[in-house]
Amino acid sequence: MASGDTVLEVKDLRTHFFTGDGVAKAVDGVSFAVRRSRTLALVGESGCGKSVTALSIMRLVPDPPGRIVSGEVLLEGADLLRLSEREMQAVRGNRIGMVFQEPMTSLNPVFTIGNQVMESILVHRDASKADARRLALEMLRTVRIPTPEERMYSYPHELSGGQQQRVMIAIALACNPSVLIADEPTTALDVTIQSQILALLADLQARFNMAVLFITHDFAVVAQTAHDVAVMYAAKIAETAEVRALFRRALHPYTRLLFRSIPRPGAKRARLDTIKGQVPSPLDFPQACRFHPRCPIAIERCRVEEPLLRELEPGHFAACHRSEEVEELMK
Amino acid sequence: MSADGEMVVVSGLKKYFPVRKGVFARVSGYVKAVDGVSFTIGRGMTLGLVGESGCGKTTCGRTILRLMEPTAGRVTINGEEVFALPSKRLRAARRFFQIIFQDPYSSLNPRMTVEGIIAEGLKVHRMGTRAERRRKVASLLERVGLPADAAGRYPHEFSGGQRQRIGIARALAVEPVFIVCDEPVSALDVSIRAQIVNLLEDIQAETRISYLFIAHDLNLVEHISDEVAVMYLGRIVEKASAEQIYKNPLHPYTRALLAANPVVDPETKVEKIILGGDVPSPVNPPEGCHFNPRCPVGDERCKRVYPDFVEALPGHWVACWARGEAFSTKV
């Protein structure tokens, strides 16, 4: 899957949580690559392991109970999982920036905006305070905060949710990282603010040639922002493809069902298709294909043999025994 | 509208919250959360209420049911003047109007069994004997798609979607004629959302119940509603049939909301009207039309006078001086 301009590559990543109730396999053999100037959307429902994947890349999984059991996380060729904690600190916020869902809880309430943007510059760059201040102001301007000179002295609670998220983006990008990980960055925001933030991220990506790993549960956001998509289900990747190919012709029954369960404009009052049953618990995933108890086209083979990701069309992979027939079977 | 007449009539509803300041907690102003809202809902019909956070849609739903005391206005549900009822009769009348909350985690008492939760309303209203209530709970559980053994279990044993089913069963137990659904699916996963939406629609088809469906997901609201009302800073700015409001929005705010709403299709990169700024504070709404500081088509008059809410097209109401003329080039 990797090619020349791959910036971040995850190979067979497994992150497990060792709890009193058993081993929760939150991420269980996930591989993908994010390329320069492109956005890979990691999509899935709650508990599918998409956020733990992001935390594993940053090596921020709480340990104990969590542990990265195996795999590789290659940033520009070097395996982050082999770095010491000290070396890792030079990666976080510097070569990989991260934006979280809740800007209010990610910003420190007792420091000014200016201080918080300057902090990451002072930690990672050999910069004087005056230089850091200039750069921080420049970043606030880049993320289009109105009256940035005044905002430098504001505290997080004085800003709206959308403005706080802009500050988070300014912090994440202050050191010009080669990868930005955005974990549901617009989920807590209103639609009009969401569209502002998505447009800003797209602009900044074009300007800084960043690779972006965009984690979301919302297929509408995926359609509007991603170049490539990986759909996760039960700690594994079910399907991955270029965005248009995926939306045109999904080859995994889970992806197809997800598409159909979303209400679309114009299709008023047609019944929504549903996926029967519940998302399985990571403590107790079904045998073989983890989707088979909820799958409308499952056969005996799905109950006994785990499907591997197969390249069915150039660049389009799906983990399903019946991908060749899925279009015929699920019209 | 419906031939059976109106089930819910809301007129001139206002809910102000005092803002207190200083040592003596003097009232320094009011948050006009709901500022003169009027609408009707026919029997078996659904009115969708949309708007961004802080626009007053939740307060509106709660004030209608008198879960908060109104500042002004009249509400009639099933012929009963809700705000005129003395507390004893209000209690009795509550049987006919129920609410389903957004968060299925905090809205169910963790110390009560599912049977206790669902039967509580029946007990309060002295409906049926103990055996009858038990039978009723069993049939409700079946109706909302939960296993019969759920009755003796506690809320924490269930997933978000299942809890929302419990919340729906609780609301339905007393056989109401009207339910306020306050963001009933926004906390749920995509695949579970469709299940709950279908359930609400099936129940309406069977019982001809009326819904006020509060949500911020525009595609979902279009799907479930007969009529849609758009709120901005405490007031309804546009109201029309679901079809009309999506096909021919007349208010610039509705247009911006629809444009910001991401489309589930990577091939359609919609022309975006990116709305600048944030929703202003409801303590100090802007002079004239509340939307004028963010409006792309406003003029001098909009800064001085709040526009009347007029029927611009048959059944299509809007509070905007331009009434869609300024962007009629699209039609």
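In which loop of chain A is A:Pro65 found? A:Pro65 is found in the loop between H1 and E4 of chain A, where helices (H or I, at least four residues) and strands (E, at least two) are DSSP runs, numbered from the N terminus. The model is predicted, so local features need pLDDT of at least 70 and side-chain atom pairs count only at pLDDT 80 or more, whereas totals for chains, interfaces and linings use all residues. Residues are numbered from 1 along each chain as its sequence is written, and chains are lettered from A and ligands numbered from 1 in the order in which they are written.

The loop of the opening question also holds A:Pro64, between helix H1 (50–57) and strand E4 (66–75) of chain A. The peptide bond that joins A:Asp63 and A:Pro64 is cis, with omega about -10°. The bond from A:Pro64 to A:Pro65 is cis as well, with omega near 10°.

Chain A is assigned domain 1 (6–95 + 175–329) and domain 2 (104–174); such bounds come from an automatic or database domain assignment. The C-alpha centres of these two domains lie 30 Å apart. Domain 1 of chain A gives 15 residues to the contact and domain 2 of chain A gives 13 residues, two residues being in contact if their C-beta atoms, placed from the backbone, lie within 7 Å. On the domain 1 side, the largest share, 6 residues, comes from helix H8 (residues 191–208) of chain A. That side of domain 1 has 11 nonpolar residues, 4 polar and no charged. In this division Ala, Val, Leu, Ile, Met, Phe, Trp, Tyr, Cys and Pro count as nonpolar, Asp, Glu, Lys and Arg as charged, and the others, Gly among them, as polar.

In soluble globular proteins, nonpolar side chains tend to be buried together. A nonpolar core is a set of buried Ala, Val, Leu, Ile, Met, Phe, Trp, Tyr and Cys residues joined through C-beta atoms within 7 Å. A residue is buried if 20 or more other C-beta atoms lie within 10 Å of its own, exposed if 12 or fewer, and partly exposed in between, with C-beta atoms placed from the backbone. The largest core here has 98 residues, and A:Val117, A:Ala170, A:Val179, A:Leu213 and A:Val229 have the most contacts inside it. At least three of its residues come from each of domain 1 and domain 2 of chain A. A second, separate core has 95 residues, including B:Ala33 and B:Leu233.

Chain A also contains an open sheet of 8 strands with mixed pairing, in the order E6-E7-E8-E3-E9-E10-E12-E11. Its edge strands, E6 (96–99) and E11 of chain A, each pair on one side only. Two strands pair if DSSP finds at least two bridges between them. Strand E7 (residues 179–183) and strand E8 (residues 211–216) of chain A run parallel and are joined by 5 bridges; within this pair, A:Ile181 has A:Leu213 as its bridge partner in E8(A). By contrast, strand E11 (residues 310–313) and strand E12 (residues 316–318) of chain A run antiparallel, with 3 bridges. In their hairpin, which has 2 residues between the strands, A:Gly315 takes a positive phi near 80°.

In chain B, an open sheet of 4 strands has antiparallel pairing and the order E2-E1-E4-E5. Strand E2 (26–42) and strand E5 (80–81) of chain B each have a single partner strand, so one side of each is left without a neighbour in the sheet. Strand E1 (residues 6–21) of chain B pairs with E2(B) over 13 bridges, and B:Arg20 has B:Val27 as its bridge partner in E2(B).

B:Ile236 belongs to strand E10 (residues 235–241) of chain B. This residue counts as buried because it has 27 C-beta neighbours inside 10 Å. B:Ile236 and B:Asp35 are 201 residues apart in sequence, yet 8.9 Å apart in space, C-alpha to C-alpha. B:Arg126, which is not a glycine, has a positive phi of about 50°; this residue is exposed, with 8 other C-beta atoms within 10 Å.

The two chains meet in a contact that takes 36 residues from chain A and 34 residues from chain B. On the chain A side, H8(A) gives the most, with 7 residues. That side has 17 nonpolar, 12 polar and 7 charged residues.
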